[in-house]
Amino acid sequence: MRCSPKRFLTAVLAASFLLLLLLILHGGGRQEQDPLEVELGDVAPATILQLLQPEGAQRILKDTGDFSVLHNISYHLLAGSHSPHKKFLTVGLASVRRPRGYYLPATLQSLFTQSTEEELQEMVVVVHLADADPGWNVRVAADIARKFAQQILLGRLLLIHAPHEFYPTLQGLKRNYNDPEERVKFRSKQNVDYAFLLAFAANLSSYYLMIEDDVWSAKSFLTAIRKALASREGSNWATLEFSKLGYIGKLYRSSDLPRLARFLLLFYQEMPCDWLLVHFRLLLTQKDVIRFKPSLFQHMGLYSSFQGTINRLEDDEFQPDALDIPDNPPATLFTSMSVFENYEPLKAYSTAEGYFWGKNPSAGSVFSIIFQQPVHVARVRVRTGSQERRGDFLRFGVLELGRWRGPNGRDCGTYTTVGTFEKGTLERRGLQNVVPGPVECVRIRVTRDQSEWLIIQSIEVWTAARS
């Protein structure tokens, strides 16, 4: 039986990797701790680094010749191997040693356990271990390999490192915004960390999701993202957002990653990464934020990666179950109320930031959603009012489903009342049993005059499959 040198090398490397896993698994489980404290037996760090690389000590050369700034970057592939098949989604995060706290394992655990087997087959997670201390990077790689051996062996988790010889200078940087020198250095390096991560991930999948190394994930977030993409099919966008915090839950087309990587590297010392991401979106002519609710990712870290300061950021719109995201079929919106400034009706129904704000609602005032195609409506949820304007909610009103759209396309011929607002909110389920046929209109109708204006914060519609 003949065996090619390539197959022989692959077998040897696989056996070496399995041997490493046995060595680092020795001693059983223990409570979460800083990876520098993880006992690795008699395995020397240099040996760990070599064994974790599926191609030995060889570096992976990523050809980024199209980037005049990035040149050719050589990455250390610390653990994992490239899948021969392009995935649907890459989840990318960079991690450095924090003065306090170590959240990376919990973040990865959440990503994997909150996904089904089918979802995992369409996803790869890439972690850029970007600390300036090579020893920390090696120990973290060993710690993660011990905890996530199966995901690494299945090609679902890659650990990489861009050597610091490829970094631009981090000394004598511009102190924009009068920030302290150490903060400027930290944020500038962070921009480069992300630039190298984006360049590495450019060809791994169709879409790229940016998160941080200290977040919880919602259940089936990948399916929710696929659903959100379907709702934006045919539209132009640069960034879709699935969290309201920083650079957590930002989705990009992988085809845009080379430009984004170059952009971050060109302006690495100018401003923080989240600010640069906003400028990138605007340059790609996406004026408005497109953020889907509820949020799919929640910040969990208590201590900041910069100087270990307390950081209690939380996303109050996070929902653990991503499968509950509404469908909101394509529709045209109309209202008989006067619209205040730019708080137009679309903001209550779409993913655009903001809400609808109408003046002087009176008995008979309506807010209508006219679907482009008839749908079977299963559930509707409407929220009115806001934290800032608590009095501007709907005091007396009903929700109606309509059929037989009129010739002007702005109304339906017949309506069925399916619910009454209570304290400004309404939610009804099982509507496919109340109005069994296809629905063409959803209408909110004010039933009594009110002196306060009306804010409609959100209108969410779920559809049922046609029988």
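Let's start with a helix contact. From α7, the residues Asn191, Val192, Tyr194, Ala195, Phe196, Leu198, Ala199 and Ala201 meet Leu257, Leu260, Ala261, Leu264 and Leu265 of α9. Keep in mind that this is a predicted model.

Now the geometry of that pair. Two packed helices are described by the angle between their axes and the distance between the axes. Here, α7 covers residues 181-201 and α9 covers residues 257-266. They pack at an angle of about 160°, and their axes are 8 Å apart. An angle over 145 degrees counts as roughly antiparallel. So α7 and α9 are roughly antiparallel to each other. As for the handedness, α7 passes α9 in a left-handed crossing.

Let me step back to the whole chain. There are 12 helices and 20 strands. The chain has 467 residues, and 53% of them count as buried. Next, contacts between residues at least 6 apart in sequence. Of those, 77% join residues at least 24 apart.

Another helix, α3, spans residues 104-113. How many of its residues are buried? The count is 7 of 10, so α3 is mostly covered. The buried ones are Leu104, Pro105, Thr107, Leu108, Ser110, Leu111 and Phe112.

On to the strands. Strands of a sheet pair through backbone hydrogen bonds, either parallel or antiparallel.

β15 is residues 377-384, and β20 is residues 454-463. They run antiparallel, joined by 7 bridges. At Thr384, the residue standing opposite is Ile456 in β20.

β16, residues 397-405, is joined to β19 by 6 bridges, and the two run antiparallel. In that pairing, Gly402 has Cys441 of β19 as its bridge partner. β16 also pairs with β17, again in the antiparallel sense, over 7 bridges. There, Val398 has Thr420 of β17 as its bridge partner. β16 and β17 form a hairpin, with 6 residues between them. In the turn, Gly409 has a positive phi of about 70°.

That brings up the disulfide. The structure holds 1. Cys412 and Cys441 form it, and their sulfur atoms are 2.0 Å apart. The link is right-handed, with 80° about the S-S bond. What does the pair tie together? Cys412 lies in β17, residues 412-420, and Cys441 lies in β19, residues 439-446, so the link ties together parts that are 29 residues apart in sequence.

Are these cysteines buried or exposed? The cut-off for buried is under 20% relative accessible area. Cys412 is at 8%, so Cys412 counts as buried. Cys441 is at 0%, so Cys441 counts as buried too. Cys273, at 0% relative accessibility, also counts as buried.

Now the area around α10. This helix is residues 273-283, and His279 sits in it. His279 is partly exposed, with a relative accessible area of 39%. Which residues does His279 touch, leaving aside neighbours within four places in sequence? Phe263 and Met271. Phe263 is 16 residues away from His279 in sequence, and their C-alpha atoms are 9.6 Å apart.

Last topic: backbone exceptions. Most residues other than glycine have a negative phi, and most peptide bonds are trans. Where is the cis peptide bond? One joins Lys293 and Pro294, with omega about -5°. Pro294 lies in the loop between α10 and β10, the latter being residues 297-299.

Thr285 is in the loop between α10 and β10 as well. Phi of Thr285 is near 65°, a positive value in a residue other than glycine. Thr285 is exposed, with a relative accessible area of 73%.

Ser220 has a positive phi too, about 55°, although it is not a glycine. Ser220 lies in the loop between β7, residues 215-217, and α8, residues 221-231. Ser220 is at 4% relative accessibility, so Ser220 counts as buried.

That's the tour.

Methods:
Residues are numbered from 1 along each chain as its sequence is written. This is a predicted model: local features need pLDDT of at least 70, side-chain atom pairs count only at pLDDT 80 or more; totals for chains, interfaces and linings use all residues. Side-chain values use heavy atoms; hydrogens and water are left out. Helices (H or I, at least four residues) and strands (E, at least two) are DSSP runs, numbered from the N terminus. Buried means under 20% relative accessible area, exposed over 50%, partly exposed in between (1.4 Å probe, protein chains only). Contact means heavy atoms within 4.5 Å. Two strands pair if DSSP finds at least two bridges between them. A disulfide is a pair of cysteine sulfur atoms within 2.5 Å. Axes are lines fitted to C-alpha atoms, for helices over the stretch in contact, and angles run from 0 to 180 degrees between N-to-C directions. Angles under 35 degrees count as roughly parallel, over 145 as roughly antiparallel, 65 to 115 as roughly perpendicular and the rest as oblique. A crossing is left-handed if the near helix is turned anticlockwise from the far one by less than a right angle, and right-handed if clockwise.
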